[in-house]
Amino acid sequence: MTWVVWRQHRSEGLITLGVLAVIAVFLLITGLNMANSIQQSGLSDCLAHAPGSSACGALRQAFENQYGFLLSLGAFLLALPVLLGALVGAPLVAREVEQRTHLLAWTQSITRARWLSVKLALVLSAGLVAAGVMLALLIWWYAPSAQLNGSFSNSRFDTSGPVWLAAALLALALGVFAGTLTRRVVFAIFLTVALFVAIRAPVELLLRPNFEPSITVTWPIGQSGPTLSSQDWRVAAGFIDAQGNTTNKLQCSGNQTLNQCLQANGAQANYITYQPADRFWTFQWIETGIYLAFSLLALGATVWLVRRRLN
Amino acid sequence: MSQALEANKLSKRYGRTWALQDCTLALPAGRVAALVGPNGAGKTTLLHLAVGLLEPTAGDVQVFGCSPRQQPNEALPRLGFVAQDHPLYKGFKVEELLTLGRKLNPRWDDALARARMQKLGIPLDRRAGRLSGGQQAQVALVLALAKRPDLLLLDEPLASLDPLARREFLRTLMDAVAETGLTVLLSSHIISDLERVCDYLIVLSASHVQLAGDIQKIGQTHKRLIGPRQDVAAVASVHTVIEASHTERQTTLLVRANGPIFDPAWEVQEVSLEDIVLAYLGQQTTEWLPSAREQPGIEVVK
């Protein structure tokens with residue numbers, strides 16, 4: 001069965017490898033560039049010794065000006081797990097049913113439960129290995145910018161730890177489930193993306209900021225606020241008015257000073273809500289656990305469908 | 001005699017539609033049986049149930065005493081199956097399809113598979129998708145035969161083949177039967193082709209078995225009676241009337257004779273197998289259930 005799975009999926013594997021190679025070359029070239037730059041400009045040194053100094057601030061600004069756009073391109077890589085799920089996971093069972101080859105596969109001498117489990121085990125492990133390689137590359141690539149902004153914020157969290165692997169597994173599992181449910185490849189691809197977003201977006205936007213109660217610090221207008229580490233995750237920041245409402249939008253006219261503007265808007269104090277950097281791994285494991293649970297659910301449903309419902 | 005296939009009140013329902021209902025039949029080992037019926041009669045459903053692709057809604061089916069669903073490890077190696085339109089992995093080379101068979105079947109006979117391919121002139125390095133339809137059907141048949149099954153089930157194996165490919169397909173099949181004595185059940189709507197190769201007949205219509213038995217015996221017991229126009233009640237009290245048609249002066253019956261026919265008022269004629277089958281199918285015309293499960297494009301011979 002191992003040979004059959006390899007023969008069936010080798011072209012997908014080679015394509016994945018090719019895509020991975022192209023991305024790797026791009027990341028290696030630009031990543032080396034960034035790593036050299038942060039060393040040679042002295043930014044790395046000053047972040048280590050005097051992160052608050054104005055010289056450091058200028059270097060930091062220069063680095064962000066130079067590489068900000070490049071780093072923002074990294075956001076596209078967040079689509080990789082769901083692509084894997086839609087293009088490798090969704091056809092896994094659906095293409096067999098669509099082309100009716102499941103009738104051939106399931107009437108050989110092995111049970112369909114075994115057929116499915118070998119197929120899932122091999123494809124999922126290959127997918128996880130690919131995701132692992134990608135994760136290592138991404139951590140290395142983001143390392144210079146992580147010195148500046150940490151790995152905890154929303155844009156970096158996904159590519160900085162096991163959550164990445166769990167997301168890849170989830171996408172694959174949802175893909176296989178969607179394909180088994182719909183029995184149609186194209187339909188399954190859309191359903192995979194929809195399911196993935198439906199799980200991931202609420203977890204990322206609603207649950208993640210509250211995995212542990214966030215810390216909110218307030219301080220009066222005009223005074224300096226708390227010193228946060230660059231590795232902390234700033235969840236929200238803004239102003240509080242007399243009624244205790246928070247806002248981060250001010251309506252100022254051109255001739256007002258900042259303080260006048262704040263008074264005009266009724267702001268009484270500053271506030272910042274954050275998650276301290278030492279919670280990073282706790283958050284990674286909680287979210288990894290959530291995705292693993294959904295993955296197992298999708299895989300369990302797939303096994304049930306294949307054994308009981310599919311024909 | 002031991003039974004290769006045994007169904008007992010076997011039923012399968014899709015939603016509200018019964019694809020097969022109370023199907024009871026026994027196929028003795030060593031037979032080559034034709035499963036005949038119109039589209040939507042439940043032929044595919046019956047075969048899929050027999051090979052374990054489907055779970056019965058009610059009743060049970062056994063292959064050499066094993067349930068293909070409950071005991072797949074015992075039943076699957078003894079079963080060979082070629083689904084309708086003989087699906088193959090189109091991107092696999094023929095050689096790779098043989099490797100697939102070898103890897104997935106403990107009883108696989110590689111020498112047999114290669115010898116057959118050579119005899120058929122099918123190149124092993126050709127991708128399955130680039131073979132002709134007839135060759136693909138042959139490859140699918142060889143894959144099933146090289147499993148060394150005891151029971152071979154073929155779902156409309158001739159439907160998509162031209163007459164020459166049909167003959168070659170049946171020749172491959174009959175060679176294998178002659179060599180190994182395996183039991184075969186093949187569904188079809190082309191009765192004339194089957195008459196030469198089959199010795200057992202199962203007529204399925206409106207999700208019920210209408211007739212099952214040895215073809216020779218069926219031929220001997222079914223007669224056409226032609227006589228002056230009259231009521232059929234007298235005949236029906238002794239024999240089973242399958243079909244009756246009347247003109248102004250004449251009555252024609254097709255009966256299953258439950259004994260000798262003595263009445264001199266009737267002229268007794270032999271009936272072709274095709275006519276017998278059509279008579280059984282005609283019985284149920286109004287009850288034929290349309291079904292989305294069977295492939296379109298196959299016309300009932302009427």
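**View 1. His86(B) lies in the loop between E5 and H3 of chain B.** Helices (H or I, at least four residues) and strands (E, at least two) are DSSP runs, numbered from the N terminus. This is a predicted model, in which local features need pLDDT of at least 70, side-chain atom pairs count only at pLDDT 80 or more, and totals for chains, interfaces and linings use all residues. Residues are numbered from 1 along each chain as its sequence is written, while chains are lettered from A and ligands numbered from 1 in the order in which they are written. The phi of His86(B) is positive, near 30 degrees, although the residue is not a glycine. His86(B) counts as buried because 28 other C-beta atoms lie within 10 Å. A residue is buried with 20 or more other C-beta atoms within 10 Å of its own, exposed with 12 or fewer, and partly exposed in between; C-beta atoms are placed from the backbone.

**View 2. Lys9(B) lies in strand E1 (residues 3-14) of chain B.** Lys9(B) is not a glycine, yet its phi is positive, at about 50 degrees. Is Lys9(B) buried or partly exposed? Lys9(B) is partly exposed, because 13 other C-beta atoms lie within 10 Å.

**View 3. Chain B touches chain A through 23 residues of chain B and 16 residues of chain A.** Two residues are in contact if their C-beta atoms, placed from the backbone, lie within 7 Å. On the chain B side, helix H2 (72-75), strand E5 (79-82) and helix H3 (94-104) each supply at least two residues. The largest share, five residues, comes from H3(B). By class, this side of chain B has 16 nonpolar, four polar and three charged residues. Ala, Val, Leu, Ile, Met, Phe, Trp, Tyr, Cys and Pro count as nonpolar, Asp, Glu, Lys and Arg as charged, and the others, Gly among them, as polar. The model scores ipTM 0.85 and pTM 0.86.

**View 4. Helix H7 (residues 112-149) of chain A crosses helix H12 (residues 280-309) of chain A at roughly 150 degrees.** The two axes come within 9 Å. Axes are lines fitted to C-alpha atoms, for helices over the stretch in contact, and angles run from 0 to 180 degrees between N-to-C directions. H7(A) supplies Arg112(A), Ala113(A), Leu116(A) and Leu120(A) to the contact, and H12(A) supplies Leu299(A), Val303(A), Val306(A) and Arg307(A). Six of the residues in this contact are nonpolar, none is polar and two are charged. An α-helix has 3.6 residues a turn, so residues three or four places apart point the same way.

**View 5. Helix H5 (residues 91-98) of chain A has Pro91(A), Leu92(A), Val93(A), Ala94(A) and Glu96(A) buried.** The cover over these buried residues includes helix H4 (80-89), helix H6 (102-105), H7, H9, helix H10 (185-207) and H12 of chain A. Arg100(A) follows H5(A) and has a positive phi, near 65 degrees.

**View 6. Residues 285-302 of chain B have pLDDT under 50 throughout.** Here pLDDT is the predictor's confidence in each residue, from 0 to 100. For this stretch the model has 31 contacts beyond four places in sequence. The mean pLDDT of chain B is 86, and 93% of its residues reach 70 or more. Chain A averages 89, with 99% of the residues scoring at least 70.
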